[in-house]
Amino acid sequence: MIKVITATGKEFPSDYLVTIPEPNMLFVRLLDTPRETAEAVFRNPEEASVLQFGGDRYEGFTEFRSIFDEGDAVKVGLERCSQLQT
């Protein structure tokens with residue numbers, strides 16, 4: 001299991017993080033994390049501005065788009081802030 005670490009150092013157990021190019025989005029699955037906690041953290045652009053996962057760093061995915069319950073996990077969808085797209 002890998003941890004997702006937010007910009008302020010909050011850590012969440014995860015089993016995957018993926019990005020897609022169009023629309024420029026990031027999806028992360030958080031294990032054993034209450035939906036309310038995940039939503040509060042990942043709706044905050046300051047928390048989501050930098051995410052670390054398995055040695056990789058993801059920046060600018062600050063626009064909260066979705067959250068889905070997946071049994072023992074929640075999947076969060078974030079879109080990259082249009083101001084940071086190249």
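Leaving aside neighbours within four places in sequence, Leu 30 is in contact with Val 4, Phe 12, Pro 13, Ala 38, Phe 42, Asp 72, Ala 73, Val 74 and Val 76, where contact means heavy atoms within 4.5 Å. Leu 30 is also among the residues with the most contacts inside the largest nonpolar core. The model is predicted: local features need pLDDT of at least 70, side-chain atom pairs count only at pLDDT 80 or more, and totals for chains, interfaces and linings use all residues. Residues are numbered from 1 along each chain as its sequence is written, and side-chain values use heavy atoms, with hydrogens and water left out.

**Nonpolar core**

- The largest nonpolar core has 19 residues, and Leu 26, Leu 30, Phe 42, Val 76 and Leu 78 have the most contacts inside it.
- A nonpolar core is a set of buried Ala, Val, Leu, Ile, Met, Phe, Trp, Tyr and Cys residues joined through side-chain atoms within 4.5 Å; buried means under 20% relative accessible area, exposed over 50%, and partly exposed in between (1.4 Å probe, protein chains only).
- In soluble globular proteins, nonpolar side chains tend to be buried together.
- There is one aromatic pair, a term for rings of Phe, Tyr and Trp (its six-membered ring) whose centres lie within 6.5 Å, with planes under 30 degrees apart counted as stacked, over 60 as edge-to-face and the rest as tilted.
- This pair is formed by Phe 12 and Phe 42 and is tilted, at 5.6 Å centre to centre and 50 degrees between the planes.
- Phe 12 lies in strand β2 and Phe 42 in helix α1, so the pair ties together parts that are 30 residues apart in sequence.
- Both Phe 12 and Phe 42 are buried.

- Helices (H or I, at least four residues) and strands (E, at least two) are DSSP runs, numbered from the N terminus; two strands pair if DSSP finds at least two bridges between them.
- Strand β3 covers residues 25-31, and seven of its seven residues are buried.
- Met 25, Phe 27, Arg 29 and Leu 31 point one way from β3, while Leu 26, Val 28 and Leu 30 point the other way.
- In a regular strand the side chains alternate between the two faces of the sheet.
- Strand β2 (residues 11-20) pairs with β3 in the antiparallel sense over six bridges, and Leu 17 has Val 28 as its bridge partner in β3.
- A hairpin through four residues joins β2 to β3.
- Strand β7 (residues 73-79) runs antiparallel to β3, joined to it by seven bridges, with Leu 26 opposite Leu 78.

**Strands β1, β4 and β5**

- Strand β1 (residues 2-5) and strand β4 (residues 50-53) are paired in the antiparallel sense over two bridges, and Ile 5 stands opposite Gln 52 in β4.
- Strand β5 (residues 56-59) pairs with β4 in the antiparallel sense over four bridges, and Phe 53 stands opposite Asp 56 in β5.
- Two residues lie between β4 and β5 in their hairpin, and Gly 54 in the turn has a positive phi of about 55 degrees.

**Salt bridges**

- The count comes to 10 salt bridges, each being a side-chain nitrogen of Lys or Arg within 4 Å of a carboxyl oxygen of Asp or Glu.
- Asp 69 and Arg 35 meet in a salt bridge at 3.2 Å, N to O.
- That pair links distant parts of the chain, with Asp 69 in strand β6 (residues 63-69) and Arg 35 in helix α1 (residues 35-42), 34 residues apart.
- Asp 69 is exposed, with a relative accessible area of 53%, whereas Arg 35 is partly exposed at 30% relative accessibility.
- Arg 65 forms a salt bridge with Glu 63, with the closest N and O atoms 2.6 Å apart.
- Glu 70 and Lys 75 meet in a salt bridge at 3.5 Å, N to O.

**Backbone features in loops**

- The peptide bond from Glu 22 to Pro 23 is cis, with omega near -5 degrees, and Pro 23 is found in the loop between β2 and β3.
- Asp 32, a residue other than glycine, has a positive phi near 50 degrees.
- Asp 32 lies in the loop between β3 and α1 and is exposed, at 63% relative accessibility.
- Most residues other than glycine have a negative phi, and most peptide bonds are trans.
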